[in-house]
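Hi there,

Here is the structure we talked about, with some notes on its side-chain contacts below. Have a look when you get a moment.

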Amino acid sequence: MTRILLTHPVPVRPNYFPPTSVEALAALGELMTNESDAEWTAEELIEHARDCDIVVNYRETPAGGAIFDALPVLRAWVRVAVDIRNIDLAAASRNGVLVTNASGVFVSSVAEWTLAAMIDVGRRFSDAIAAYHAGRVPAPVMGPELKGATLGLVGYGRIGRYLVDLALAFGMRVLVSDPYCRVDRTDVRQVGMDELLAEADHVVCLAVANAETENLIDAGVFRRMKRSAFFINPSRGNLVDEVALLDALDRGLIAGCALDVGRAEDQMPTLAIARHPRTIATPHLGGLTPSLYQQSVEAVAQVADIVAGRMPGNALNAEHARRLRS
């Protein structure tokens, strides 16, 4: 019988791998789970996965080369997330281990979070709500509206394209800066980064996170933004130089920021920035709507294919998966 390990710690499992998917996974083989409250270390993971054929893993599960080198029985590493930056794909391929990932099912939910954040960071609804919850009557504060404002998108992938339609429906003007794609809409202007920063009232970072885009949003970016502009990051924390962001907030170089991500544990906003009076922040929940369950359903389907001897969807290194074929 196929031995399957699910690495999601107990606290995160209800949101990312619900009971229905756990039951479906258990029907495919002998299932073992992480019953602790924390992510395993690499050493702990190796110990638990030593005799396993398939590891179905959380987005924070470590996947360095030492793990693949130490697990001679492992046939597949099934990532229940899109992001694979913490997976050593070359090491997996060298060892003949198949790696899969999930589809991006959170396009609409992240776009909706972004729109809500753009409103909240300017109108300060969260401040008023917190004051009332604390038993205080807040003073009414005037803030900007989205109609007539300029949205600047840094990156034009699936979330950005969906967000464009929402922004236009609110009467916004949309600028896009992305050197790797062409914007073919007449109601959106594709511009260089300098022009976007000079004109945008909301700068939304939706670039792909990789080595090239590390600290893409740096001190130079904040200096070129309008002092009345807001920075919004629903993407990844490593896109931003957080020292520069905190400095920009302290000095009033930008009006404020809204963050759903950062460099803290589990890709959450860093507390020093999240607690700043010019910041609104949420704990990486932009994609956390019921549609996210589809990633666990997809992972179960991938495992079912592997158990049946078929190449699953979203296989990232199928040509190197010799253990799957043996």
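Phe-222 and Phe-231 are both buried (under 20% relative accessible area; exposed is over 50%, partly exposed in between, with a 1.4 Å probe and protein chains only). This is a predicted model, in which local features need pLDDT of at least 70, side-chain atom pairs count only at pLDDT 80 or more, and totals for chains, interfaces and linings use all residues. Residues are numbered from 1 along each chain as its sequence is written, and side-chain values use heavy atoms, leaving out hydrogens and water.

The whole structure has 3 aromatic pairs (rings of Phe, Tyr and Trp, its six-membered ring, with centres within 6.5 Å; planes under 30 degrees apart are stacked, over 60 edge-to-face, the rest tilted). One of them is Phe-68 with Trp-77, edge-to-face at 5.4 Å centre to centre and 70° between the planes. Phe-222 and Phe-231 also pair edge-to-face, at 5.6 Å and 90°.

On to charges: there are 19 salt bridges (a side-chain nitrogen of Lys or Arg within 4 Å of a carboxyl oxygen of Asp or Glu). Among them, Arg-236 meets Asp-83 at 3.0 Å, N to O. This pair links distant parts of the chain, 153 residues apart. Arg-236 is buried at 19% relative accessible area, and Asp-83 is buried at 13%.

Another salt bridge joins Arg-13 and Glu-35 at 3.3 Å, N to O. Here Arg-13 counts as buried at 13% relative accessibility, whereas Glu-35 counts as exposed at 53%.

Best wishes

How values were computed:
Helices (H or I, at least four residues) and strands (E, at least two) are DSSP runs, numbered from the N terminus.
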